Amino acid sequence: MAPQVLICDDEAHILQAVRFKLQRAGLEVLMAHDGAEAWELIQQHRPDLVVSDCQMPRMNGLELIERIRSWEPTAQIPVIMLTGKGYELSPELVHEKLRVAALFTKPFSPRELVAKVQQLLAQTQTPAAH
Amino acid sequence: MTPLRLRGWISTVALAAPVGVLVLGATGGLLGIPWGLALETLALVAVAAVAWLIWSTTREIQAVRKVLHRLSELAPEHWADLDPQSLGPLSPRWQHRFAPLVEHLKAVGKRLMELEERLAMQHLSPQTSAAEARLESLLESLPVPILVVEHDQVVLLNGAARRAWELQGEDHLPLSLERLGEWLPGLLRQLAKRPVPSSLSTEVELGPQNATRRYKVVASTFAQGMKQLASVVLLDQTALKLTQERHAEFVSAVSHEMKAPLSSIRAYTEILLDGDVEDPQQQEEFLRIIDSQADRLHRLIENLLNLARIEAGVVQVNKKVISINEILQEAVRLLRPTAEEKQIKLQTQLSPMCLRVLGDRDQLLQAVINLVSNAIKYTPSGGTVTVRSRLRDDMVQFEVEDTGVGIAPEDLKRIFDKFYRVRKDSHMASGTGLGLPLARSIIQDLHAGQLRAESYPGQGSIFIATLPPAGKLAAASDEPSSALAAQSS
């Protein structure tokens with residue numbers, strides 16, 4: 001079965017572009033428009049990787065990642081963060097506390113994002129993490 | 001010991017010694033002991049000692065009386081430089097007892113001399129003292145904290161300075177520098193190394209913990225006759241710093257808002273350039289997205305420029321009699337795709353009357369677009385945004401209501417403030433902090449209307465705009481003929 005990636009962004013066009021690239025790379029895609037919707041889907045489907053925006057209504061990206069990390073079944077899922085203001089986030093919070101695997105600052109390259117997703121999936125799936 | 005107590009002591013000895021000797025002598029006689037001669041000798045010695053004691057005490061009392069007499073005759077102008085030796089010979093014991101009295105008299109004498117000097121000055125130059133009094137009241141009335149330092153002591157301090165440093169009634173002048181903070185003596189020491197006159201400045205925070213104010217402190221030295229003084233002036237920078245911070249936040253918000261459409265443009269361009277899309281229909285769809293996002297970016301820049309122009313008072317307003325319903329319909333038509341994309345129902349409930357206002361069509365359309373897109377932005381998928389119009393109390397009223405996240409009371413007070421953005425919490429989307437201030441500027445500043453908001457968190461918000469109808473405005477307008485012409489057309 002193809003690895004499953006959840007993408008979360010309040011910008012519908014960004015969601016569509018990233019889904020298009022991920023599906024072309026042969027991945028199964030789940031989409032959420034805000035952190036709260038993403039958290040529901042994550043609990044239901046336990047995706048292999050999460051790509052999330054930072055500023056979103058209802059529940060922001062940082063809060064979403066905090067929840068992912070503090071719930072045992074999802075604590076180890078690799079997370080990629082998309083953000084409009086990367087320089088304003090402390091690396092300590094992003095990398096050490098939330099263990100974000102990669103940070104993409106908008107505007108970003110979907111090509112590079114998909115390459116990173118594939119690299120992270122290869123890393124987690126080779127040693128049979130599940 | 002007081003002279004009275006001394007005298008009591010002496011009398012006790014004087015009585016006890018001979019009596020003791022006599023008793024001993026009598027006892028010796030009764031017992032048949034031959035003590036008679038020895039005891040009589042002893043009694044004589046005791047009587048002699050008592051006599052000496054009485055004589056020396058009397059002398060001391062006389063010396064003290066003389067000193068007191070001299071003190072009472074000493075004129076007050078000599079109190080300041082009173083020399084205890086000059087009062088006459090006194091035993092060390094009495095000198096010690098007189099010392100506090102002498103010191104007290106010296107202090108009172110000094111104070112008297114100062115007062116006399118000041119009185120003399122005022123008497124000599126009444127004009128100078130009047131000018132000084134004027135200067136003092138001028139300093140006191142200044143809202144800027146000012147103080148003057150002489151020899152590490154604050155010798156002058158106005159009311160604003162007392163308030164800035166939270167000084168209490170008991171802090172009298174001259175005041176030690178340390179009372180005003182550790183940094184001040186350091187700054188003045190640095191300043192003292194420079195030639196007079198010189199200036200130095202630094203920044204400090206003063207005031208109670210949760211209401212500190214930031215000051216730029218300027219210390220300057222100056223000479224007054226032979227004296228060297230330093231003035232310290234506090235310039236309040238709190239508002240300036242706050243504006244700078246808001247401005248930085250605003251620039252950050254604007255750049256973030258610009259990045260959203262730019263991200264889409266970049267993503268779809270890359271996908272198309274990479275040749276990922278074979279289907280011509282999909283190619284066209286992606287190109288349309290690029291086009292709409294470029295348009296969104298353009299609108300944002302227009303908003304920015306428009307607000308800047310209105311604020312600078314250089315905006316071109318082209319007022320005509322227009323129908324508010326037409327403007328509302330146009331805004332809804334433009335924003336329908338955005339609402340549909342987010343699965344939000346965008347509906348209108350417009351008055352059947354033709355509600356005319358004298359206004360700038362483009363500006364009013366901009367204001368309505370900002371209000372409706374704000375409602376769409378803060379409403380989750382599945383919600384509803386309603387645009388209404390009506391005539392109420394002879395005024396044209398339109399409103400934009402949403403079923404969105406709502407606005408907290410503390411934010412509601414400030415949502416129209418320029419650069420104010422609702423703090424990023426999990427309930428809010430991003431914004432520029434510009435859309436609502438611009439809408440309010442257009443409605444209130446350019447069209448003499450009113451724009452207000454009501455909201456209950458979790459239940460949505462309603463923005464209500466009121467504009468004067470064209471009839472009244474046309475009568476008051478500079479160009480009644482053009483207004484009437486437009487109305488009849």
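The crossing of helices α2(A) and α3(A) is right-handed, where right-handed means that the near helix is turned clockwise from the far one by less than a right angle, and left-handed that it is turned anticlockwise. The model is a predicted one, in which local features need pLDDT of at least 70 and side-chain atom pairs count only at pLDDT 80 or more, while totals for chains, interfaces and linings use all residues. Residues are numbered from 1 along each chain as its sequence is written, chains are lettered from A, and ligands are numbered from 1 in the order in which they are written.

To stay with this helix pair, α2 spans residues 35-45 of chain A and α3 spans residues 61-70 of chain A; they pack at an angle of about 20 degrees with their axes 9 Å apart. That angle makes α2(A) roughly parallel to α3(A) (under 35 degrees is roughly parallel, over 145 roughly antiparallel, 65 to 115 roughly perpendicular and the rest oblique). Axes here are lines fitted to C-alpha atoms, for helices over the stretch in contact, and angles run from 0 to 180 degrees between N-to-C directions. From α2(A), A:Gly35, A:Ala38, A:Trp39 and A:Ile42 meet A:Gly61, A:Glu63, A:Leu64, A:Arg67 and A:Ile68 of α3(A), a contact being a pair of residues whose C-beta atoms, placed from the backbone, lie within 7 Å. The residues of this contact divide into five nonpolar, two polar and two charged; Ala, Val, Leu, Ile, Met, Phe, Trp, Tyr, Cys and Pro count as nonpolar, Asp, Glu, Lys and Arg as charged, and the others, Gly among them, as polar.

Chain A as a whole has five helices and five strands, and along the sequence these follow the pattern β-α-β-α-β-α-β-α-β-α. Helices (H or I, at least four residues) and strands (E, at least two) are DSSP runs, numbered from the N terminus. Of the 130 residues in chain A, 44% are buried, that is, with 20 or more other C-beta atoms within 10 Å of their own; 12 or fewer make a residue exposed, anything in between partly exposed, and the C-beta atoms are placed from the backbone. Among the contacts in chain A with a separation of 6 or more, 62% come from residues 24 or more positions apart.

The strands of chain A form an open sheet of five, in the order β2-β1-β3-β4-β5 and with parallel pairing; two strands pair if DSSP finds at least two bridges between them. At the edges are β2 (28-32) and β5 (102-105) of chain A, each pairing on one side only. Neighbouring strands of the sheet are turned by 15 degrees against each other on average, direction ignored. Strand β4 (residues 79-83) of chain A runs parallel to β5(A) and is joined to it by four bridges, with A:Leu103 in β5(A) as the bridge partner of A:Met81. Helix α1 (residues 12-24) of chain A packs on the sheet, where it touches β1 (4-8), β2 and β3 (49-53) of chain A, and its direction makes about 170 degrees with that of β2(A). Helix α2(A) lies across β1, β2 and β3 of chain A as well, running at about 165 degrees to β1(A).

The crossing of α10(B) and α12(B) is left-handed. By class, their contact has nine nonpolar, six polar and no charged residues. Elsewhere in chain B, strand β9 (residues 356-360) is largely enclosed by the rest of the structure, because four of its five residues are buried. Five bridges join β9(B) to the antiparallel strand β7 (residues 319-323) of chain B, and B:Lys320 stands opposite B:Gly359 in β9(B).

B:Ser220 lies in strand β5 (residues 213-224) of chain B and counts as partly exposed, because it has 16 C-beta neighbours inside 10 Å. Beyond its neighbours within four places in sequence, B:Ser220 is in contact with B:Pro197, B:Ser198, B:Ser199, B:Ala230 and B:Ser231. B:Pro143, in the loop between α4 (126-141) and β1 (146-150) of chain B, counts as exposed, with 9 C-beta neighbours inside 10 Å. Its C-alpha atom is separated by 8.1 Å from that of B:Gly159, 16 residues apart along the chain.

Definitions and conventions
Two residues are in contact if their C-beta atoms, placed from the backbone, lie within 7 Å.
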